[in-house]
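Reader: Please take a close look at the ligand site in this model. What surrounds the ligand, and which contacts are made there?

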Amino acid sequence: MDQYRIAPGTTVHLADHDPADESWCPDGKDGARSAAKKATRRLEELQELLYAQGRHRLLVVLQAMDTGGKDGVIRRVFEGVNPLGVKVASFKKPSPADLAHDYLWRIHPHVPGNGEIAIFNRSHYEDVLVVRVHSLVPPERWERRYDHINAFERLLADEGTTILKFFLHISRDEQAARLRSRLEDPAKQWKFAKGDLEERALWDDYVTAYEAALSRTSTAAAPWHVVPADKKWYRDFVIGRILVDALESLQMSFPPPADDLAGIVVE
Ligand code: ATP
Ligand code: MG
């Protein structure tokens, strides 16, 4: 289970992590698909428990290069989960109001409350990724952010939030294939932005920025997982299992009824 978890203090070299790895699922694609389905169903039950108990909070952070599959994970892994208990926050380019504040200002209102699951589709990590790659603030400013982020996440964890962070790791070739298929398929063309090619040209800079973020902000309270994501079925299987394991380990149970139900009959 811990195969893809980055132990605190590890220096991450993404070249050592195979984006096409499928070694954790001995039964191949079909086995992974059915295991992923099972995990999705179990997630549905666990989310209901989380909600009913109203004591724990779960924050899932998704980061990836463009076309890495964040949307696919949200769609598939959380397929059966009751929308009442899950909220997705997508962090795009900051607004002028966002930029007039510290970079965590727009993030904090979206963290999960008791009984909730929050999924961050991009996150505060953009402030040490795209911001670093494009020098949107001077290095001495983004350099301090790793410490802020660790402190922020420790605050959330200390107050009862389980935090799981996933980097969906695709290869440069897989990104090319996905961009090409967006270009060629009329039903996907809307997803294609010319800017994606400009970002793709900065691939190596993004790798450097991701390696720094993964190395410096994987903590016991908020671990990163580098998920092999070239194969969508494997990516969904891995994330589903990690989420189920994390929620199982909370050992939740349904709360007792609010009133004594003995002898009550509904006529
Ligand atoms: P898709 O994968 O469907 O394209 P997306 O998450 O890439 O979805 P876009 O609207 O294409 O969504 O891109 C959002 C953009 O906002 C990204 O390029 C991202 O780097 C940028 N962004 C997010 N947070 C920040 C930030 N704090 N500062 C600057 N840019 C940011
Ligand atoms: Mg995009």
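**The shell around ligand 1**

Author: Two helices, α2 (70–77) and α4 (130–133), each supply at least two residues of the shell around ligand 1. The model is a predicted one, and the values below are computed from it. The shell around ligand 1 holds 14 residues, among which K92, R106, R122, E126 and D127 come nearest. By type, the residues of this shell divide into 9 charged and 5 nonpolar, with no polar ones.

For R122, an N or O atom of the side chain is 2.6 Å from an oxygen atom of ligand 1. R106 has a polar side-chain atom 3.1 Å from a nitrogen atom of the ligand. In D71, a polar side-chain atom lies 3.4 Å from a ligand oxygen atom. On its own, ligand 1 has 630 Å² of accessible area, and the protein covers 79% of that.

Apart from the ligand shell, there is a helix pair to describe. Two packed helices are described by the angle between their axes and the distance between the axes. For helix α1 (residues 28–53) and helix α9 (residues 232–248), the angle is about 35° and the axes are 8 Å apart. The crossing of α1 past α9 is left-handed. Residues in contact include A32, A36, L43 and L46 in α1, and W233, F237, L243 and V244 are among those in α9. The residues of this contact comprise 12 nonpolar, 6 charged and 2 polar.

Technical notes
Residues numbered from 1 in each chain as written. Chains lettered and ligands numbered in written order. Predicted model: local features only at pLDDT ≥ 70, side-chain atom pairs only at ≥ 80, totals over all residues. Heavy atoms only, no water. Axes fitted to C-alpha atoms, helices over the stretch in contact; angles between N-to-C directions. Helix = DSSP H or I, 4+ residues; strand = E, 2+ residues; numbered from the N terminus. Left-handed = near helix turned anticlockwise from the far one by under 90°. Contact = heavy atoms within 4.5 Å. Nonpolar A, V, L, I, M, F, W, Y, C, P; charged D, E, K, R; others polar. Near = heavy atom within 4 Å. Polar contact = N/O pair within 3.5 Å; in protein donor to acceptor, adjacent residues only side chain to side chain. Areas by Shrake-Rupley, 256 points an atom, 1.4 Å probe, with all protein chains shown as cover.
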